[in-house]
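Subject: Structure for your files

Hello,

Please find the structure below, with notes on what was found in it. The notes start with one of the chains and then move on to the contact and some single residues.

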Amino acid sequence: MSAHRPRRSHEPVVWLLFAAGGMIAAMLLPALIVVIGLAGPTGLLGEGSLDYERVLGLVGHPIGRLTVLAVVSLLFWHAMHRIFHGLHDLGVSTHLDRYRILSYGCALLATVVTAGLLVVL
Amino acid sequence: MSLRQQDGRYHRPMGRWYLRPAYLFRYTLRELTAVFVLVFALILLAGLAALVAGPEAWAGFLGLLSHPLMIGLSAVLLLAALYNSITWFLVAPKAMPAIFIGTRPVSDRVIVVVHLVVFAILSVLIVALLAGGGA
């Protein structure tokens, strides 16, 4: 019956998430890595900038929560999309659904975990 | 292995990959940045979990971040992130629909420069927002 109907693809949806995450990664990641990974731990950032109370205030604010959810989850969608397509380049049989499910499943799981943590924060 | 030969689909061979042209190396490097993005996303998630768990867990998270090995990892993550940013901005004119001012198309160069300017502004804002909390 549907033998000649073209198969609809999931690609536009995951590509949208990939592209959004890519823009976030490209725009924000270097600064975030400098602050959280380098300047913060080495003390260049200034006393108390990463204090528990202060970070809790920033992240716990409604705008902070939404921002963290968008940034963290979309980074996962971006990375897992590229890794999934990278598997093909490495000779993995990515037409098999299990690799797709595994890759995007990880991104979905990370999104749910992030949202859950932000709810209980 | 038998699956690979029998399913009749194309599989990219991996033989002598180091002899492939340079643009393929750059492509691979760009795609590889995703692994580093994933690592940093996991660090952010761990930080969020520590924040939820309380002040002691947060102190432990900060302590882990200041370990020399983690500082080294962050430096590598920063290089990968910068490479990702630059390649992302350079392909932006090709990835987005053409923009016109009146009837004149906006040139690729302008699109890349606008991305770089926004990138610079956002980077300064992030550092300013998170730095110097004041004790």
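Chain A has 121 residues, and 36% of them count as buried. This is a predicted model, and that applies to everything below.

Chain A

The secondary structure of chain A consists of 4 helices and 0 strands, in the order α-α-α-α along the sequence. Its C-alpha trace extends over about 65 × 30 × 20 Å along the principal axes. The radius of gyration of chain A is 18 Å, whereas a compact globule of 121 residues would come out near 14 Å. Among the contacts in chain A with a separation of 6 or more, 67% join residues 24 or more positions apart.

Within chain A, helix α2 (residues 52-60) and helix α3 (residues 62-89) have axes that come within 5 Å and cross at roughly 80°. Angles of 65 to 115 degrees count as roughly perpendicular, and α2(A) and α3(A) are therefore roughly perpendicular to each other. On the α2(A) side the residues that meet α3(A) are A:Leu58, A:Val59 and A:Gly60, and on the α3(A) side they are A:Gly64, A:Arg65 and A:Val68. By class, the residues of this contact of α2(A) with α3(A) are 3 nonpolar, 2 polar and 1 charged.

Chain B

Chain B contains 5 helices and 2 strands. From the N terminus on, the elements of chain B follow the order α-α-α-α-β-β-α. Taken along the principal axes, the C-alpha atoms of chain B fill a box of roughly 60 × 60 × 25 Å. Of the 135 residues in chain B, 19% count as buried. Residues 24 or more positions apart make up 44% of the contacts in chain B with a separation of 6 or more.

The contact between the chains

Chain A contributes 50 residues to the contact and chain B contributes 47 residues. On the side of chain A that touches chain B, α1 (11-42), α2, α3 and α4 (97-120) of chain A each supply at least two residues. The most comes from α1(A), with 17 residues. Sorted by class, the side of chain A that touches chain B has 31 nonpolar, 14 polar and 5 charged residues.

One helix pair across the contact can be described in more detail. The axes of α1(A) and helix α5 (residues 108-130) of chain B come within 8 Å and cross at roughly 30°. Angles under 35 degrees count as roughly parallel, and α1(A) and α5(B) are therefore roughly parallel to each other. The crossing of α1(A) and α5(B) is right-handed. From α1(A), the residues that meet α5(B) are A:Met27, A:Leu28, A:Pro30, A:Ala31, A:Leu32, A:Val34 and A:Val35. Their counterparts in α5(B) are B:Val118, B:Phe119, B:Leu122, B:Ser123, B:Ile126, B:Val127 and B:Leu130. The residues of the contact of α1(A) with α5(B) divide into 13 nonpolar, 1 polar and no charged.

Two single residues

A:Leu50 is located in the loop between α1 and α2 of chain A. A residue is buried if 20 or more other C-beta atoms lie within 10 Å of its own; A:Leu50 has 23 C-beta neighbours inside 10 Å and so counts as buried. Leaving aside neighbours within four places in sequence, A:Leu50 is in contact with A:Gly40, A:Leu45, A:Val55 and B:Leu62. A:Leu50 and A:Trp77 are 27 residues apart along the chain, and their C-alpha atoms are separated by 27 Å.

B:Phe89 is placed in helix α4 (residues 68-95) of chain B. B:Phe89 is buried, because 20 other C-beta atoms lie within 10 Å. With neighbours within four places in sequence again left aside, the contacts of B:Phe89 are A:Ala26, B:Val112, B:His115 and B:Leu116. B:Phe89 and B:Val113 are 24 residues apart in sequence, and the distance between them in space is 8.4 Å, C-alpha to C-alpha.

Regards

Key:
Residues are numbered from 1 along each chain as its sequence is written. Chains are lettered from A and ligands numbered from 1 in the order in which they are written. This is a predicted model: local features need pLDDT of at least 70, side-chain atom pairs count only at pLDDT 80 or more; totals for chains, interfaces and linings use all residues. Axes are lines fitted to C-alpha atoms, for helices over the stretch in contact, and angles run from 0 to 180 degrees between N-to-C directions. Angles under 35 degrees count as roughly parallel, over 145 as roughly antiparallel, 65 to 115 as roughly perpendicular and the rest as oblique. Two residues are in contact if their C-beta atoms, placed from the backbone, lie within 7 Å. Ala, Val, Leu, Ile, Met, Phe, Trp, Tyr, Cys and Pro count as nonpolar, Asp, Glu, Lys and Arg as charged, and the others, Gly among them, as polar. A residue is buried if 20 or more other C-beta atoms lie within 10 Å of its own, exposed if 12 or fewer, and partly exposed in between; C-beta atoms are placed from the backbone. The radius of gyration is taken over C-alpha atoms; the globule rule is 2.2 Å times the number of residues to the power 0.38. A crossing is left-handed if the near helix is turned anticlockwise from the far one by less than a right angle, and right-handed if clockwise.
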